[in-house]
Number of protein chains: 2
Amino acid sequence: MASSQEKGFGRALCIITGASKGFGWSLAREIAPLLKPGSVLLLAARSGDKLQTLQADLAASEASSAGLQVRCVVADLGQKEGVESVIAEAKETRCEDIDHLLLFNNAASLGDISRYAQSFTDMSEMDSYLSFNVSSALSLTSGILTAFPQRSGLQRCVVNVSSLCAVKPFRSWVMYCTGKAARDMMFRVLAEEEPELRVLNYAPGPLDTDMQLQARSTSADENMRKSFADMHEEGRLLTCEESVAKLLKVLLEDDYPSGTHLDFYDL
Amino acid sequence: MASSQEKGFGRALCIITGASKGFGWSLAREIAPLLKPGSVLLLAARSGDKLQTLQADLAASEASSAGLQVRCVVADLGQKEGVESVIAEAKETRCEDIDHLLLFNNAASLGDISRYAQSFTDMSEMDSYLSFNVSSALSLTSGILTAFPQRSGLQRCVVNVSSLCAVKPFRSWVMYCTGKAARDMMFRVLAEEEPELRVLNYAPGPLDTDMQLQARSTSADENMRKSFADMHEEGRLLTCEESVAKLLKVLLEDDYPSGTHLDFYDL
């Protein structure tokens with residue numbers, strides 16, 4: 001494949017949501033050197049401070065001097081306006097100048113894992129959760145794909161940062177599991193509909209992030225807490241860097257079936 | 001199993017959402033004779049007229065004279081108040097008088113199948129869809145299980161009326177597939193959390209209902225329309241009665257693994 005031979009993504013517009021920390025942060029840093037001069041790296045997150053720090057880091061790196069433009073959008077993707085501002089910023093990129101569009105739907109929340117499903121009697125809680133974690137990812141993806149339609153010479157790829165929880169239920173994680181299962185299916189439908197588009201549901205494995213800390217400290221289920229604590233103590237959590245590296249390798253090789261669910265441990 | 005030997009569900013509180021037509025309507029009619037005197041059949045739907053017709057039908061049947069109480073709740077389950085009114089009505093049933101609780105989460109909508117995923121740029125559309133089809137089912141289930149807690153002598157069972165779309169993506173059906181995948185996972189988590197509870201995700205097969213008419217006439221994807229039209233023309237659509245019969249058989253035999261997804265054609 002062309003992109004694999006070049007060891008990079010060419011001149012790309014690369015959009016990463018939830019870029020201020022964790023997996024999204026590492027992804028921004030690791031993908032930057034793989035983007036050719038003239039590329040745009042668009043980073044979205046709620047925290048402006050962290051985005052600016054990341055932008056400064058990237059500006060000081062070789063990638064920046066190689067002509068990479070890094071743009072930040074401070075946006076809450078749980079709100080319609082947040083999604084719109086990311087799309088508006090992306091549209092500033094001249095479509096005809098890029099040969100690769102990469103959208104990483106990484107932003108997500110764990111939801112309230114301190115309670116069991118039976119306690120979710122107030123539907124507005126699940127409504128808000130699904131709005132941020134499911135509807136938002138669809139509307140952002142749709143908006144970006146509409147702004148950058150299929151054309152000869154443009155390779156388009158959408159990644160959903162998924163989870164084992166998309167395919168396996170876990171006690172006290174009803175929000176997270178439900179949201180991830182919904183997202184996987186949503187992107188599978190998109191893959192069916194758009195044969196030219198490359199769609200990947202990537203489960204990054206158990207990462208040593210803030211989310212993991214939350215998982216091992218606040219999961220209502222004791223076995224879940226213990227399982228995560230054991231992984232942490234025994235050094236079995238993955239670094240974001242190693243999981244990002246595997247994702248980038250898969251994307252560069254570009255021979256996965258579009259719409260598939262790939263787990264770090266399957267690769 | 002006891003209930004299989006008795007060929008019935010004992011003295012039950014049986015709740016069916018979306019009971020005014022299609023699968024829910026047939027389910028109400030077929031399950032009524034399997035409920036012992038003293039049972040309550042609680043039917044919820046948006047259409048009061050249709051519910052009343054069904055109630056009158058049931059009142060004229062043998063089941064009614066056998067001491068079955070049929071109650072109707074006109075409720076929009078896309079609204080918090082609708083869910084609450086079903087729970088309030090269920091609470092009128094004296095918990096200590098029943099030995100079986102059956103909740104059928106049947107209410108659902110097809111969503112807009114006339115468009116492809118890429119057109120869903122307005123997140124409020126998916127928000128409303130998921131609220132009615134996912135959050136509502138969780139809050140109703142949680143509310144009912146909380147109102148009728150686990151106790152010796154009470155068998156509790158929750159059925160999610162699922163679909164092949166919960167496990168397989170279809171073009172132009174992004175809402176329906178996403179919602180059904182989310183529901184399946186939500187009920188799988190519930191099954192993990194509540195080992196005493198019986199949870200079944202039942203995919204009823206392609207039914208000869210209003211929803212099928214909508215499917216074959218309005219699906220954006222031509223192959224989808226053709227596939228449904230062929231099924232209709234060739235008489236391959238199932239009647240609600242035959243699919244309900246298979247579901248009731250599974251429930252009476254009661255040896256499915258809790259949380260599993262069972263399809264009409266697997267049985």
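A: A:Leu51 counts as buried because its relative accessibility is 0%; buried stands for under 20% relative accessible area, exposed for over 50% and partly exposed for what lies in between, with a 1.4 Å probe and protein chains only. This is a predicted model, in which local features need pLDDT of at least 70 and side-chain atom pairs count only at pLDDT 80 or more, while totals for chains, interfaces and linings use all residues. Residues are numbered from 1 along each chain as its sequence is written, chains are lettered from A and ligands numbered from 1 in the order in which they are written, and side-chain values use heavy atoms, with hydrogens and water left out.

A:Leu51 belongs to helix α3 (residues 48-59) of chain A. Helices (H or I, at least four residues) and strands (E, at least two) are DSSP runs, numbered from the N terminus. Apart from neighbours within four places in sequence, A:Leu51 is in contact with A:Ala19, A:Ser20, A:Leu43, A:Ala44, A:Ala45, A:Cys72, A:Val73 and A:Val74, contact being heavy atoms within 4.5 Å. A:Val73 lies 22 residues from A:Leu51 in sequence, with 8.3 Å between their C-alpha atoms.

A further buried residue of chain A is A:Ser26, in helix α2 (residues 22-31); A:Ser26 is classed as buried because its relative accessibility is 2%. Its side chain makes a polar contact of 3.1 Å with that of A:Glu241. Such a contact is a pair of N or O atoms within 3.5 Å; within protein, one must be able to donate a hydrogen and the other to accept it, and residues adjacent in sequence count only if both atoms are side-chain atoms. Not counting residues up to four places away in sequence, A:Ser26 touches A:Cys240, A:Glu241 and A:Val244.

In chain B, seven strands form an open sheet with parallel pairing, in the order β3-β2-β1-β4-β5-β6-β7. Its edge strands are β3 and β7 (260-263) of chain B, each pairing on one side only; two strands pair if DSSP finds at least two bridges between them. Neighbouring strands of this sheet are turned by 15° against each other on average, direction ignored. Helix α3 (residues 48-59) of chain B packs on the sheet and touches β2 and β3 of chain B, its direction making about 175° with that of β3(B). For these angles, axes are lines fitted to C-alpha atoms, for helices over the stretch in contact, and values run from 0 to 180 degrees between N-to-C directions.

Strand β2 (residues 40-45) of chain B has six of its six residues buried. On one side are B:Val40, B:Leu42 and B:Ala44, and on the other B:Leu41, B:Leu43 and B:Ala45. β2(B) pairs in the parallel sense with strand β3 (residues 69-74) of chain B over six bridges, and B:Leu43 stands opposite B:Cys72. Five bridges join β2(B) to strand β1 (residues 12-17) of chain B, also running parallel, and B:Leu13 has B:Val40 as its bridge partner.

B:Cys14, in β1 of chain B, is buried, with a relative accessible area of 0%. Its bridge partner in β4(B) is B:Leu102. Leaving aside neighbours within four places in sequence, the contacts of B:Cys14 include B:Ile31, B:Val40 and B:Phe104.
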